[in-house]
Amino acid sequence: KNKTYQCKTMDEIIKALEEKGDGFIEAMWCGEEECEDKVKEVTGVGSRCIPNEQHELSDVCVCCGKPAKKMVLWGKAY
């Protein structure tokens, strides 16, 4: 849990990973594959899972700003 960061924008994802090191990101997602791909391209983290226990960090997608459908755990694949 201490290596899991809550972010509302892609800039926040980049900043969290630069300042705190590798870990997991909790961020909202609209459900569009294009946004999933863009997050990975820009930040280096991809979607890992959609937790059953959801909490709303924001009401918009971390990538496109459209209404968010799910909170996703994002992380690097090794």
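1. Lys76 and Asp22 pair through their side chains in a salt bridge, with an N to O distance of 3.4 Å. This is a predicted model, and the structure holds 1 salt bridge. Lys76 sits in the segment after β4 (70-75). Asp22 sits in the loop between α1 (10-20) and β2 (24-29). The pair therefore ties together parts that are 54 residues apart in sequence.

2. How exposed are the partners of that bridge? Lys76 is partly exposed, with a relative accessible area of 38%. Asp22 is also partly exposed, at 37% relative accessibility. The N to O distance of 3.4 Å passes the salt-bridge cut-off, which is within 4 Å.

3. How many disulfides are there? The count comes to 0 disulfides. The cut-off matters here: two cysteine sulfur atoms must lie within 2.5 Å.

4. Cys49 has a relative accessible area of 36%, so the residue counts as partly exposed.

5. The relative accessible area of Cys63 is 24%, which means that the residue is partly exposed.

6. Which residues form the negative surface patch? Glu32, Glu33, Glu34, Asp37 and Glu41 make it up. One of these, Glu34, lies in helix α2, which spans residues 33-43. Glu34 is exposed, with a relative accessible area of 57%. Patch members must have over 30% relative accessible area and no salt bridge.

7. Is Tyr5 buried or exposed? Tyr5 is buried, at 6% relative accessibility. The cut-off for buried is under 20%. Tyr5 belongs to strand β1, residues 4-6. Its C-alpha atom is separated by 12 Å from that of Val45. Along the chain, Tyr5 and Val45 are 40 residues apart.

Notes
Residues are numbered from 1 along each chain as its sequence is written. This is a predicted model: local features need pLDDT of at least 70, side-chain atom pairs count only at pLDDT 80 or more; totals for chains, interfaces and linings use all residues. Side-chain values use heavy atoms; hydrogens and water are left out. Buried means under 20% relative accessible area, exposed over 50%, partly exposed in between (1.4 Å probe, protein chains only). Patches are made of residues with over 30% relative accessible area and no salt bridge: like charges are joined within 9 Å, nonpolar side chains (Val, Leu, Ile, Met, Phe, Trp, Tyr) within 5 Å. Accessible areas come from the Shrake-Rupley method with a 1.4 Å probe; for residues, only the protein chains shown count as cover. Lys and Arg count as positive and Asp and Glu as negative; His and the chain ends are not counted. The place of a charge is taken as NZ of Lys, CZ of Arg, CG of Asp or CD of Glu. Helices (H or I, at least four residues) and strands (E, at least two) are DSSP runs, numbered from the N terminus.
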